Amino acid sequence: MSQSTNGIATLLQAEREAHDIVSKARKYRQDKLKQAKADAATEINNYKLQKDNELKQFESQNEGGVDSLEKEASSKVQTELDEIKEIAFQKKQDVINLLIEAVTKPSAEVHVNAAIA
C-alpha cells in the first residue's frame, strides 16, 4: 500500500508541477500580449505624430500659393471686366442708333408662325 500512496503522491506532485508550468505559460502569454499592445500603441502614436508633422509642413509650404493664385485670378477678372466696359462704351452709340432706327422706321413682316389663310 505504501507503493500506491507513494504513486499517488508522485502523481499529485506531477499534477502540481504541470499546473505551475501551465500557469507560467499563461502569464508569459498575457505579458507578451500586453507588451505587444503597448508597442503597437506607441508605434501608432509615433506614426500619427509623423503624419501630422508632414501635413503641417505641407500646409506651411503651400500656404502662400493659394493667396497668390487668388490675387492672380482677381487681377485677371478685373482686366476682363475693364475690357468689357471699354467695349460696351465703344458700342454704346451704335446700340442707341439701332434702337432709334428700329422704333422710328418699323418694317411690316409676317411672323414665321403666323398662319396665312
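A residue is termed buried when its relative accessible area is under 20%, exposed when that area is over 50%, and partly exposed in between. In this predicted model, 0% of the 117 residues of the protein chain count as buried.

The overall form of the chain accompanies that figure. The protein chain contains one helix and zero strands. Its radius of gyration is 46 Å, well over the 13 Å that the globule rule gives for 117 residues, so the protein chain is more spread out than a compact globule. Taken along the principal axes, the box filled by the C-alpha atoms is roughly 140 × 55 × 10 Å. The accessible surface of the protein chain amounts to about 11500 Å², and carbon and sulfur atoms account for 59% of this area.

The charged residues may be considered next. Side chains of opposite charge can pair when their charged atoms come close. For a salt bridge, a side-chain nitrogen of Lys or Arg must be within 4 Å of a carboxyl oxygen of Asp or Glu; by this rule the count is two.

Lys51 and Glu54 are three residues apart in helix H1, about one turn of the helix. Lys51 is partly exposed because its relative accessibility is 37%, and Glu54 is likewise partly exposed, with a relative accessible area of 35%.

Two surface patches complete the description. Glu59, Glu63, Asp67 and Glu70 gather on the surface as a patch of negative charge. Of these residues, Asp67 is found in helix H1, which spans residues 2–104. Its relative accessible area of 41% makes Asp67 partly exposed.

The other patch is nonpolar: Val77, Leu81 and Ile84 form a surface area of about 270 Å². Ile84 is also placed in helix H1. Because its relative accessibility is 55%, Ile84 counts as exposed.

Technical notes: Residues are numbered from 1 along each chain as its sequence is written. This is a predicted model: local features need pLDDT of at least 70, side-chain atom pairs count only at pLDDT 80 or more; totals for chains, interfaces and linings use all residues. Side-chain values use heavy atoms; hydrogens and water are left out. Patches are made of residues with over 30% relative accessible area and no salt bridge: like charges are joined within 9 Å, nonpolar side chains (Val, Leu, Ile, Met, Phe, Trp, Tyr) within 5 Å. Accessible areas come from the Shrake-Rupley method with a 1.4 Å probe; for residues, only the protein chains shown count as cover. Lys and Arg count as positive and Asp and Glu as negative; His and the chain ends are not counted. The place of a charge is taken as NZ of Lys, CZ of Arg, CG of Asp or CD of Glu. Helices (H or I, at least four residues) and strands (E, at least two) are DSSP runs, numbered from the N terminus. Buried means under 20% relative accessible area, exposed over 50%, partly exposed in between (1.4 Å probe, protein chains only). The radius of gyration is taken over C-alpha atoms; the globule rule is 2.2 Å times the number of residues to the power 0.38.
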